[in-house]
Amino acid sequence: MRRVAYFFGSAAAAGAGTYVVIYLYRWQWQRAILCGVLLLVVEVMLLGIVLLGRLSRIEERMRDADRRQEDVLARLREKEARPAGDRFRWLEEPTSRTYVFVPVLMVTGVLLSGLAWIVQRIASATARPTAERRLAGRLAVLAAPGPARDADPNGMDDPRGIDELDDLPPIGVGARGRRGRTARVLVVSAVGVTLVGALVMGLADLTQTREEDAKNSEATSLLLKVDMRGTNMTAERESLAAHQLWERCRDSTSVPLNRATLGTLGDGLFAGVVQPALTDHDRMRLRGCLEDTGLDRTHLTVVGIGDADADDD
């Protein structure tokens, strides 16, 4: 169950984070804020699941420790309550004669140990060193090479040339494993920092206000559609909502709009004209502001946007 919660929580966090980036790119701040709040909620939920799991394991360990402590305490109390005469009860039972076997077994063990010691002493006294030398010769190929020595002009080895064992570099599977783990951690850290830096720089490049070449056209025209949910949504209410959104988004562009008019076409359609003509970046900013969630039960969609000249109708 916990893995299922982790899976759905991770998927929700990934989706919310993705849409935060998308809405920031589209200049839709209200939706970006909502997705950011959802991302924080999912992260807090995942953190709570992890903390609850850790607390459950800690409680289980404490209960196990209490049970073991109670068992040990019960055994100690049983030993304290046991009378002193019951320690050698097997010696006091007259119906059983097997207790004689125990001393006999102990004496036999002592005799066998003494006999084994005598055999070992005789073998060590009569053994010849030839077998040991032969065994040492066979094992010489497996011995580690000796430390490097500086040759003495007189043919004697200089003991001062022997390298100290602590000064030698660590060689072994453990050292190689540690170096491998360190290299992997460094590579993963470098890749993560690079990806995060690229994401931040790319998002900053996409959302920044940049100078663009002015359009040859004199104005930009937009076709808008307003959808309102609920009862008693008349044409006057749609017109009022469309004008409210239109006036609120006039300041969203980087260049001041000297003229911005909005006319009604009927059936929830509206036509807007702004001067001067908008650049591609300002078009994206104006579209994002208009399509963002600004009014209750109102959704505005930019059906089309394009340039208009002075001689166009």
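Trainee: What makes the contact of Lys-225 with Asp-227 a salt bridge?
Mentor: In this predicted model, the closest N and O atoms of Lys-225 and Asp-227 are 4.0 Å apart. The cut-off is a Lys or Arg side-chain nitrogen within 4 Å of a carboxyl oxygen of Asp or Glu, so the pair counts.

Trainee: Why is Lys-225 called neither buried nor exposed?
Mentor: Its relative accessible area is 31%. Buried means under 20% and exposed over 50%, so Lys-225 is partly exposed. Asp-227, with 34%, is also partly exposed.

Trainee: Is Glu-291 buried or exposed, and what is the basis?
Mentor: Glu-291 has a relative accessible area of 16%. That value is under 20%, so Glu-291 is buried. Its salt-bridge partner Arg-287 is partly exposed at 30%. The two side chains meet at 3.8 Å, N to O, and both residues lie in helix α8, 4 residues apart.

Trainee: What makes β4 and β6 the edge strands?
Mentor: The open sheet has the order β4-β5-β3-β6, with antiparallel pairing. β4 (259-266) and β6 (298-308) each pair on one side only. For β6 and β3, the pairing runs over 10 bridges; at least two are needed, so these strands count as paired.

Key. Residues numbered from 1 in each chain as written. Predicted model: local features only at pLDDT ≥ 70, side-chain atom pairs only at ≥ 80, totals over all residues. Heavy atoms only, no water. Buried < 20%, exposed > 50% of the residue type's maximum accessible area, 1.4 Å probe, protein only.
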